[in-house]
Amino acid sequence: MKIIKKIDVNEFPEWSSWPQMLLGLGIWKNASRTVGKIEQEYNIEKYGQCLAQFGKGNHSIEEIRAYYDSAIQKKECISLGSSLVIVGGRDFLRTYEKLIVDSVLPEIKDGDAVVELGAGFGYNLHLLSKISKKNVEYLGGEYSRNAVTLAAKVFEGRANISVEHFNFYDEDYAILKKIDRPIVLFTAHAIEQIPDISNMFKVLSKYRKKIRSVVHLEPLYSTDKSTLLGLMRQRYAEVNDYSRNLLPLLEKTSGIKITSVKRDVMGGSPLNPTSVIKWHYR
Ligand SMILES: C[S@@+](CC[C@H](N)C(=O)[O-])C[C@H]1O[C@@H](n2cnc3c(N)ncnc32)[C@H](O)[C@@H]1O
């Protein structure tokens with residue numbers, strides 16, 4: 001990714017209205033990230049608009065994704081670790097996609113099932129399936145019915161890739177129950193939508209024998225109180241009611257071995273950067 005320039009945190013308000021809002025100088029109402037909010041923000045707005053646009057006719061998943069990402073600007077302020085940099089918007093998207101593929105692909109072996117929870121219309125699964133190992137099944141679980149409908153349409157005729165309805169808050173995960181192969185499970189900015197993710201750990205442990213490896217590409221709640229960026233990241237997660245207990249739960253759940261934590265690798269939204277966490281059951 002070509003870095004156009006590095007900027008100081010003092011220049012960040014030129015690129016984002018969040019510093020103003022976090023300081024109470026702009027209009028902002030704290031969110032409560034309920035299922036009702038997901039229904040409105042994702043099912044009705046984001047995926048409903050995609051479905052209205054692409055529900056009829058033959059469209060490629062790349063076309064749909066480009067529409068979904070159409071708010072991206074020619075130049076974007078993103079974060080790399082704790083640095084703020086200006087890059088081309090499309091350049092960033094391709095680099096972020098590469099991060100997903102490079103993080104999940106090494107975990108996949110011939111004959112596995114690859115499961116993404118909170119998969120949207122399955123774009124990440126599609127990216128992985130293009131560089132597939134042999135005889136791999138790709139399954140997505142997703143709350144938003146409009147995304148599931150869109151996925152059924154774009155993956156029609158492809159036997160090894162599908163997205164079905166799923167809810168992180170369910171008592172059991174039917175998507176995992178039916179799989180009889182080793183599972184590589186991943187999430188990408190989906191757990192961020194769940195303020196308290198403890199239910200997922202209760203349910204996953206039922207399938208511990210089948211789950212070989214787990215990868216999260218998710219924001220981790222900032223514990224950095226020594227920098228302005230760290231403090232803004234912490235407050236941003238709070239006012240948006242994003243997930244705050246993924247890493248603490250991983251660390252305290254017995255029988256889990258965390259193999260890698262790469263914090264704040266890159267952030268399309270510098271206040272909500274992607275960290276990459278890998279773990280497995282002992
Ligand atoms: C930021 S999007 C990421 C989608 C996809 N992982 C990607 O990388 O393109 C967050 C996704 O989480 C889904 N989601 C939110 N709450 C959920 C829940 N309770 N159960 C399942 N999916 C949920 C949303 O509908 C949305 O598709």
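## Helix packing and a ligand shell: worked exercises

In this predicted model, Glu97, Ile100, Val101 and Val104 of helix 4 meet Asn124, Leu127 and Leu128 of helix 5.

**Exercise 1.** Describe the contact of helix 4 with helix 5 by residue class and by the crossing of the axes.

*Solution.* 
- Step 1: Sort the contact residues by class, which gives five nonpolar, one polar and one charged.
- Step 2: Turn to the axes of helix 4 (residues 89-104) and helix 5, which come within 10 Å and cross at roughly 60 degrees.

**Exercise 2.** Find which residues of helix 3 are buried, and explain why they sit on the same side of helix 3.

*Solution.* 
- Step 1: Within helix 3 (residues 61-68), the buried residues are Ile64, Arg65 and Tyr68.
- Step 2: Around the axis they span an arc of only 100 degrees, so they lie on the same side of helix 3.
- Step 3: Recall the general rule: with 3.6 residues a turn in an α-helix, residues three or four places apart point the same way.
- Step 4: Look for the packing partners, and you will find that the buried residues of helix 3 pack against helix 2, helix 5 and helix 6 (145-154).

**Exercise 3.** Characterise the shell around the ligand.

*Solution.* 
- Step 1: Of the 21 residues around the ligand, pick out those that come nearest: Tyr42, Gly118, Gly120, Tyr143 and Ala188.
- Step 2: Ask which elements give two or more residues to this shell; they are helix 2 (35-54) and helix 5 (123-130).
- Step 3: Helix 2 gives the most, with three residues.
- Step 4: Finish with the classes: the shell has 13 nonpolar, seven polar and one charged residues.

Conventions:
Residues are numbered from 1 along each chain as its sequence is written. This is a predicted model: local features need pLDDT of at least 70, side-chain atom pairs count only at pLDDT 80 or more; totals for chains, interfaces and linings use all residues. A residue is near a molecule or strand if its C-beta atom, placed from the backbone, lies within 6 Å of it. Helices (H or I, at least four residues) and strands (E, at least two) are DSSP runs, numbered from the N terminus. Ala, Val, Leu, Ile, Met, Phe, Trp, Tyr, Cys and Pro count as nonpolar, Asp, Glu, Lys and Arg as charged, and the others, Gly among them, as polar. Axes are lines fitted to C-alpha atoms, for helices over the stretch in contact, and angles run from 0 to 180 degrees between N-to-C directions. Two residues are in contact if their C-beta atoms, placed from the backbone, lie within 7 Å. A residue is buried if 20 or more other C-beta atoms lie within 10 Å of its own, exposed if 12 or fewer, and partly exposed in between; C-beta atoms are placed from the backbone. The arc is that of the directions from the helix axis to the C-beta atoms.
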